[in-house]
Amino acid sequence: MFVLELTYTAPLEAVDAVLEEHVAWLDEQYRQGIFLASGRKNPRDGGVIIAVAGDRAWIEEITAQDPFVTAGVCAYRVTEFTATKTAPALEAYRESL
């Protein structure tokens with residue numbers, strides 16, 4: 001499991017200019033079962049995504065395709081973790097050490 005932290009590297013006007021494409025990209029990741037949750041940070045200086053994938057390289061490849069990245073308006077920080085405890089709704093993603 002991964003926590004993807006987005007940090008905006010451009011003014012909000014530039015971020016908003018590609019927001020529609022970013023949301024379409026998010027929707028595709030949800031359709032593929034990769035993203036479990038996402039949203040803006042408060043204050044609005046980036047966002048957070050919870051994702052599942054086979055390995056870090058694959059997640060890095062996916063994030064590199066985010067329209068925010070290709071437009072140069074955000075940078076990602078990828079944190080991998082082992083989800084040893086989850087809410088019942090996320091039990092399928094629970095892992096053992």
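Reply: What follows goes from the sheet to the helices on it, and then to the charged pairs.

The model is predicted. Its sheet is open and has 4 strands, arranged in the order β2-β3-β1-β4 with antiparallel pairing. The edges are taken by β2 (35-40) and β4 (74-80); each has a single partner strand, so one side of each is left without a neighbour in the sheet. On average, neighbouring strands are turned by 15 degrees against each other, direction ignored.

Strand β3 (residues 46-51) and β2 pair in the antiparallel sense over 5 bridges. Among the residues involved, arginine 40 has glycine 47 in β3 as its bridge partner. Strands of a sheet pair through backbone hydrogen bonds, either parallel or antiparallel.

Two helices pack on this sheet. Helix α2 (residues 19-31) touches β1 (2-8), β2, β3 and β4, and its direction makes about 160 degrees with that of β2. Helix α3 (residues 56-64) also touches β1, β2, β3 and β4; here the angle of about 160 degrees is with the direction of β4.

In α3, the buried residues are Ile59, Ile62 and Thr63. Seen down the axis of α3, they fall within an arc of 95 degrees, so they line one face of the helix. The cover over these buried residues includes the strands β1, β2, β3 and β4, together with α2 and α4 (67-70).

Histidine 22 lies in α2 and counts as buried because its relative accessible area is 7%, below the 20% cut-off. Leaving aside neighbours within four places in sequence, histidine 22 is in contact with Leu6, Asp66, Pro67, Phe68 and Tyr76.

The charged pairs come next. Side chains of opposite charge can pair when their charged atoms come close. Across the whole structure there are 6 salt bridges.

One of them joins arginine 31 and glutamate 28, with 3.2 Å from N to O. Both residues lie in helix α2, 3 residues apart, about one turn of the helix. Arginine 31 is exposed, at 61% relative accessibility, whereas glutamate 28 is partly exposed, at 30%.

Arginine 56 is partly exposed at 34% relative accessibility, and glutamate 60 is partly exposed with a relative accessible area of 38%.

Some of the salt bridges share partners, and in this way Glu5, Lys41, Asp45 and Arg77 are joined into one network. Within it, the side chains of aspartate 45 and lysine 41 meet at 3.7 Å, N to O. Aspartate 45 is partly exposed, with 37% relative accessibility.

In short, an open antiparallel sheet of 4 strands has α2 packed on it, and α3 packs on the sheet too.

Terms used:
Residues are numbered from 1 along each chain as its sequence is written. This is a predicted model: local features need pLDDT of at least 70, side-chain atom pairs count only at pLDDT 80 or more; totals for chains, interfaces and linings use all residues. Side-chain values use heavy atoms; hydrogens and water are left out. Two strands pair if DSSP finds at least two bridges between them. Axes are lines fitted to C-alpha atoms, for helices over the stretch in contact, and angles run from 0 to 180 degrees between N-to-C directions. Contact means heavy atoms within 4.5 Å. A salt bridge is a side-chain nitrogen of Lys or Arg within 4 Å of a carboxyl oxygen of Asp or Glu. Buried means under 20% relative accessible area, exposed over 50%, partly exposed in between (1.4 Å probe, protein chains only). The arc is that of the directions from the helix axis to the C-beta atoms.
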